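Here is a short report on the packing, charge pairing and strand pairing of one model. Look at the sequence and structure first.

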Amino acid sequence: SGAKFKVETFVTEGVNTANEYVDWSIAFTNDLKVVATNVVNAALGEIEGTYAVSSETEAFVSIDFASNTAVSALGNEWVVSAYSSTLITLQSKTDASVTLAFKKL
């Protein structure tokens with residue numbers, strides 16, 4: 001299964017849209033899938049995407065969901081900017097003003 005997270009903050013163009021993801025948990029599985037599960041409305045089911053991790057001098061996480069899903073905006077080429085046991089903070093590789101933080105559930 002892997003660790004489950006919630007979107008703590010998701011800032012694009014200075015606006016935090018994390019409240020749009022409050023009903024979703026995000027899990028990163030060992031087989032490089034990222035699974036968003038709606039924890040409020042089971043009928044919405046799971047949205048499965050993929051992720052890849054690469055490391056040069058920094059750790060990069062590429063997250064990809066199909067377009068036109070409730071969580072597709074989370075897809076990006078991310079740089080891991082901070083990491084703790086409870087919070088992972090990511091920054092867009094191409095636009096440093098776009099940030100995403102996952103809090104461990």
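Leu74 touches Val7, Phe10, Tyr21, Ile26, Ile63, Phe65 and Leu100, leaving aside residues up to four places away in sequence. Contact here means heavy atoms within 4.5 Å. The model is predicted: local features need pLDDT of at least 70, side-chain atom pairs count only at pLDDT 80 or more, and totals for chains, interfaces and linings use all residues. Residues are numbered from 1 along each chain as its sequence is written, and side-chain values use heavy atoms, without hydrogens and water.

Leu74 is also among the residues with the most contacts inside the largest nonpolar core, along with Val7, Ile63 and Phe102. That core has 23 residues. Strands E1 (4-12), E3 (24-28), E4 (33-38), E5 (46-55), E6 (59-64), E8 (87-92) and E9 (99-104) each give two or more residues to this core. A nonpolar core is a set of buried Ala, Val, Leu, Ile, Met, Phe, Trp, Tyr and Cys residues joined through side-chain atoms within 4.5 Å. Buried means under 20% relative accessible area, exposed over 50%, partly exposed in between (1.4 Å probe, protein chains only). Strands are DSSP runs of at least two residues, numbered from the N terminus.

The structure holds one salt bridge (a side-chain nitrogen of Lys or Arg within 4 Å of a carboxyl oxygen of Asp or Glu). Glu8 and Lys6 form it, at 3.0 Å, N to O.

| Residue | Relative accessible area | Class |
|---|---|---|
| Glu8 | 31% | partly exposed |
| Lys6 | 34% | partly exposed |

Strand E7 (residues 76-83) pairs with E6 in the antiparallel sense over four bridges; pairing takes at least two DSSP bridges. Phe60 has Val79 of E7 as its bridge partner.
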